[in-house]
Amino acid sequence: SVYREMFAKDPDATLPESDDVTMPPLGYAIAQLHGIYILAENKAGLILVDMHAAHERITYEHMKTAVDSEGIRSQPMLVPLSVIVSEKEADLVEEHGSEFSGLGIDLERAGEESIIVRSVPTLLAKSDVEQLVRDVLSDFAEYGESKRIEQHRDEILSTMACHGSVRAN
């Protein structure tokens, strides 16, 4: 399960009596509620966790660690995706190609108002790729010049992580 980092591996386990035992940050998972929440128990009591928020945070932390160490691994698209964008967005693809590559997204300008998506981050391969690219382009447009993009890298990674996270049910 994607929540192993936050919950105990054995959902049937009982809480340890000793304070010496290291407990997962959110304790032991007890149940899933309405396909949206995880009910967990730790020493302080019961905890209700939004599954999407938890998965988004895990994905974000993995991406942030990857960028800081070796870079985000990308996965080539089986069939490159053509996306119609504004001329300004197509210009951004040309201006910031290496920065997109650093985020694991390989984009290429195909025309005055179109781009081609050739690869996406492996962690986000099953997401809505077109919407992911549009949202990341929007972030690049908002933060403008290259140095501001570096300063807002974590916000961009957060946007990307949201796309790769589980949804309700």
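Start with helix α6 (residues 153–163), whose buried residues are I156, L157, M160, A161 and H163. These residues sit on the same side of α6, because they cover an arc of only 150 degrees around the axis, the arc being that of the directions from the helix axis to the C-beta atoms. Buried here means under 20% relative accessible area, exposed means over 50%, and partly exposed is in between (1.4 Å probe, protein chains only). Helices (H or I, at least four residues) and strands (E, at least two) are DSSP runs, numbered from the N terminus.

A word on the source: this is a predicted model, where local features need pLDDT of at least 70 and side-chain atom pairs count only at pLDDT 80 or more, while totals for chains, interfaces and linings use all residues. Residues are numbered from 1 along each chain as its sequence is written, and side-chain values use heavy atoms, with hydrogens and water left out.

M160 turns up again in the largest nonpolar core, which has 28 residues; M160, L107, I115, V133, V136 and L137 touch the most other members. Such a core is a set of buried Ala, Val, Leu, Ile, Met, Phe, Trp, Tyr and Cys residues joined through side-chain atoms within 4.5 Å. At least two residues each come from α1 (51–68), α2 (87–95), β6 (114–121), α4 and α6, and α4 gives the largest share, 7 residues.

Now for the rings. The structure holds 1 aromatic pair: F100 and F140 are stacked, at 4.2 Å centre to centre with 15 degrees between the planes. Rings of Phe, Tyr and Trp (its six-membered ring) pair if their centres lie within 6.5 Å, and planes under 30 degrees apart count as stacked, over 60 as edge-to-face and the rest as tilted. This pair links distant parts of the chain, since F100 is in helix α3 (residues 97–102) and F140 is in helix α4 (residues 129–143), 40 residues apart. Both F100 and F140 are buried.

Then the charges: there are 5 salt bridges, each a side-chain nitrogen of Lys or Arg within 4 Å of a carboxyl oxygen of Asp or Glu. In one of them, R134 meets E130 (2.9 Å, N to O); these two are 4 residues apart in helix α4, so about one helical turn separates them. R118 also forms a salt bridge with E108, with the closest N and O atoms 3.0 Å apart. R118 lies in strand β6 and E108 in strand β5 (residues 106–111), so this pair ties together parts 10 residues apart in sequence.
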